[in-house]
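Subject: Structure handover, ligand site

Hello,

Here is the structure for your files. My notes on the ligand site follow below.

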Amino acid sequence: MKIGIISGHRISNLIKKPEKITVETAFGDISAEVSRMGKHALFFINRHGEKSDVPPHKVNYLGNIQAFASSHVECILSIGTVGSMKKGIQPRDFVIPHDFIDFTKSRQLTFFDSERVHVDMTNPYCPSLRDSLIKNCKKTRGVISHEKGVYLSTEGPRLETASEINFFSKFADIVGMTGVPEVVLAREKGICFASLCVVCNMATGLQNKLTAEEISLIYSEKKPVISKILQLTVDSIDEKRNCNCKNDLSKAAL
Ligand code: HPA
């Protein structure tokens, strides 16, 4: 089976002897790296492009997910950095979100631009992949993880204001810039999708000052443990998953 991993950075130690490929899609060429991990083929995409320099509001979200779909990837594990809006969720913790709120503003959000298709978002993240991530976070030494969380996606690239965070925190737990529309597009393609969110900071107003450098430093510190969680999770993914992600589209068209 092919397992996709999408992240904003290379994950050292995870992708062994990768072969670089380019996938042509209707939304542009996408660079990817393919390799093997145990019984599965791995398919890695840096969502910010090969040079990792595309800002969150300009990421080729459709191209990235289309590249996974065209390559017959059945499951996607997404890694993203987030800020915490809750005292109980601290920097260096991990969150496996179960739901999201979309506060993006100007992104292309769907593959269905000329048909009336409304995908169900009752369980936007694959319950089976979420279970695997949760179990394997628990198995990994030194990991503090939260089994549930509402992810709020902003447009970026700026960080939020303190008033925005005060407002968002009434409805969501963590805030990031790239979680939406990835999760929606994966469902539109019938691909199982779950996210491992690395908490890099308390959101604006909940800590003294917030810098992009600090976010990057905490992410780098967590790379080995992210790699470990992903290895265990990829290993545990089964062909037969107890979910409906693949078939959810069957009743979505009008
Ligand atoms: N806000 C938005 N995106 C983020 C943050 C944040 O505080 N931290 C890491 N990614």
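Which elements each supply at least two residues of the lining of the largest pocket? They are S5, S10 and helix H5 (212-236), where helices (H or I, at least four residues) and strands (E, at least two) are DSSP runs numbered from the N terminus.

The model is predicted: local features need pLDDT of at least 70, side-chain atom pairs count only at pLDDT 80 or more, and totals for chains, interfaces and linings use all residues. Residues are numbered from 1 along each chain as its sequence is written, and side-chain values use heavy atoms, with hydrogens and water left out.

Pocket. On a 1 Å grid over the protein atoms alone, a pocket is an open set of points where a 1.4 Å probe fits, with protein on both sides within 12 Å along at least five of seven lines; lining residues have an atom within 4 Å of a point. The largest pocket has a volume of about 560 Å³, taken as the space filled by probe spheres set on the points. Its lining has 25 residues, and His48, Pro56, Thr81, Met177 and Ile215 are the closest to the centre. S5 gives the most to this lining, five residues.

Ligand. The ligand sits in the largest pocket (more than half of its atoms lie within 2 Å of the grid points). S5 also supplies the largest share of the shell around the ligand, three residues. Ligand nitrogen atoms lie 2.7 Å from a polar side-chain atom of Asn201, 2.9 Å from one of Glu160 and 3.3 Å from a polar backbone atom of Gly83.

Regards

Note on methods:
Polar contact = N/O pair within 3.5 Å; in protein donor to acceptor, adjacent residues only side chain to side chain.
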